[in-house]
Amino acid sequence: MSSPATPLTASSVVARLRAAGCVFAEDEAALLRRAATGPAHLDALVARRVDGLPLEHVLGWAEFCGIRVAVGPGVFVPRRRTEFLVRQAAAAAPDRPVAVDLCCGSGALGAALAATLPTVELHAADVDPAAVRYARSNLAGLGEVYEGDLFAPLPGALRGRVDVLLANVPYVPTDDVGLLPAEARVHEPRVALDGGGDGLDVMRRVAAEAPGWLAPGGSLLVETSERQAALAEEVLRAGGLVPRVAVSEELYATVVTGTRPG
Ligand SMILES: C[S@@+](CC[C@H](N)C(=O)[O-])C[C@H]1O[C@@H](n2cnc3c(N)ncnc32)[C@H](O)[C@@H]1O
């Protein structure tokens, strides 16, 4: 890699990021400078970020629940608010739980759960081959990753045995996808975002099938927006689960847990 004509100084990195609209320009500059192997590499990283690539795609990792999860172009970047879903799942899990991370994306939720509950038997699945590649790498040695539509690729032996079923499904209503920030709209796959007319189409399918996979007393956990929470509760109830809504003011997160009666 050739060196840029004028090597970037710390302040010029911040200035370029700020001019491109990065709100946390100082923090991002520090991360990019740490990631760069030299001046030319730093210039290339900054250029990609200025072009609008999510910071995590530029770095190649996202921090989630205190661990680093590998991510890259074409895969959903795990959001900080989703840490609340993992916390709720860990709290709902019995000893030596069987857990499934459905719609796993990079596998961040499963990896974080395994870090909290080392005895977990973990399975994860996603329909998107790019996501499955990242999940296989992030969950190597922690669990099995399957590729396919929702429950279809899971081993039948899991039926009736799942204690915690985490499903951070796409839940943006179709008409709102165009309103998302470009980082998501342009750089994350539509299949990771678009939840259909009211945003809950995928959740409905998950809730309808979940009781057949959950152990008695087992729980399905989904994330929603605050606006969708009441409807999501109805969706889980319609699937035969007993719903409960939990809110984190700190993470601005809403999780609906649906428990299969024991
Ligand atoms: C909002 S992203 C969440 C990813 C990951 N769980 C996270 O929180 O970082 C939704 C994920 O659902 C996957 N997905 C969408 N429809 C699916 C389907 N029918 N079957 C399996 N996965 C699906 C997408 O590929 C995407 O990875």
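**Entry 1: α1 and α3**

I began with two helices of this predicted model, and found that α1 passes α3 in a right-handed crossing. I then looked up the geometry of the pair: α1 covers residues 10–19 and α3 residues 39–50, and they pack at an angle of about 15° with their axes 9 Å apart. That angle makes α1 roughly parallel to α3, since angles under 35 degrees count as roughly parallel.

Next I listed the residues that meet, and noted Val-13, Arg-16 and Leu-17 on the α1 side, with Leu-42, Asp-43, Val-46, Ala-47, Arg-49 and Val-50 on the α3 side. Sorted by class, the contact of α1 with α3 has 6 nonpolar, no polar and 3 charged residues.

**Entry 2: α5**

I asked how many residues of helix α5 are buried. The count is 7 of the 10 residues in this helix, which runs over residues 83–92, so α5 is largely enclosed by the rest of the structure. I wrote the buried residues down as Glu-83, Phe-84, Leu-85, Val-86, Gln-88, Ala-89 and Ala-90. As for what surrounds them, these buried residues pack against β1 (61–64), α6 (108–116) and β6 (162–167), and also against β7, β8 and β9.

**Entry 3: α10**

I turned to α10, residues 229–238, where I noted Ala-229, Ala-232, Val-235 and Leu-236 as buried. Viewed down the axis of α10, its buried residues fall within an arc of 110°, so they line one face of the helix. I kept the general rule beside this: an α-helix has 3.6 residues a turn, so residues three or four places apart point the same way.

On the face of α10 turned away from the buried side I found the exposed residues Ala-230 and Ala-238. The buried residues of α10 pack against α9 (201–213), β7 (214–224), β8 (242–248) and β9 (253–259). Just after the helix I also recorded Gly-240, which takes a positive phi of about 95°.

**Entry 4: Thr-254**

Leaving out residues up to four places away in sequence, I listed what Thr-254 touches: Val-222, Glu-223, Thr-224, Ser-225, Glu-226, Ala-229, Val-245, Ala-246 and Val-247. One of these, Ala-229, is already in my notes as a buried residue of α10, and I had also noted that the buried residues of that helix pack against β9.

Methods:
Residues numbered from 1 in each chain as written. Predicted model: local features only at pLDDT ≥ 70, side-chain atom pairs only at ≥ 80, totals over all residues. Heavy atoms only, no water. Buried < 20%, exposed > 50% of the residue type's maximum accessible area, 1.4 Å probe, protein only. Helix = DSSP H or I, 4+ residues; strand = E, 2+ residues; numbered from the N terminus. Arc of directions from axis to C-beta. Contact = heavy atoms within 4.5 Å. Axes fitted to C-alpha atoms, helices over the stretch in contact; angles between N-to-C directions. Parallel < 35°, antiparallel > 145°, perpendicular 65-115°, else oblique. Left-handed = near helix turned anticlockwise from the far one by under 90°. Nonpolar A, V, L, I, M, F, W, Y, C, P; charged D, E, K, R; others polar.
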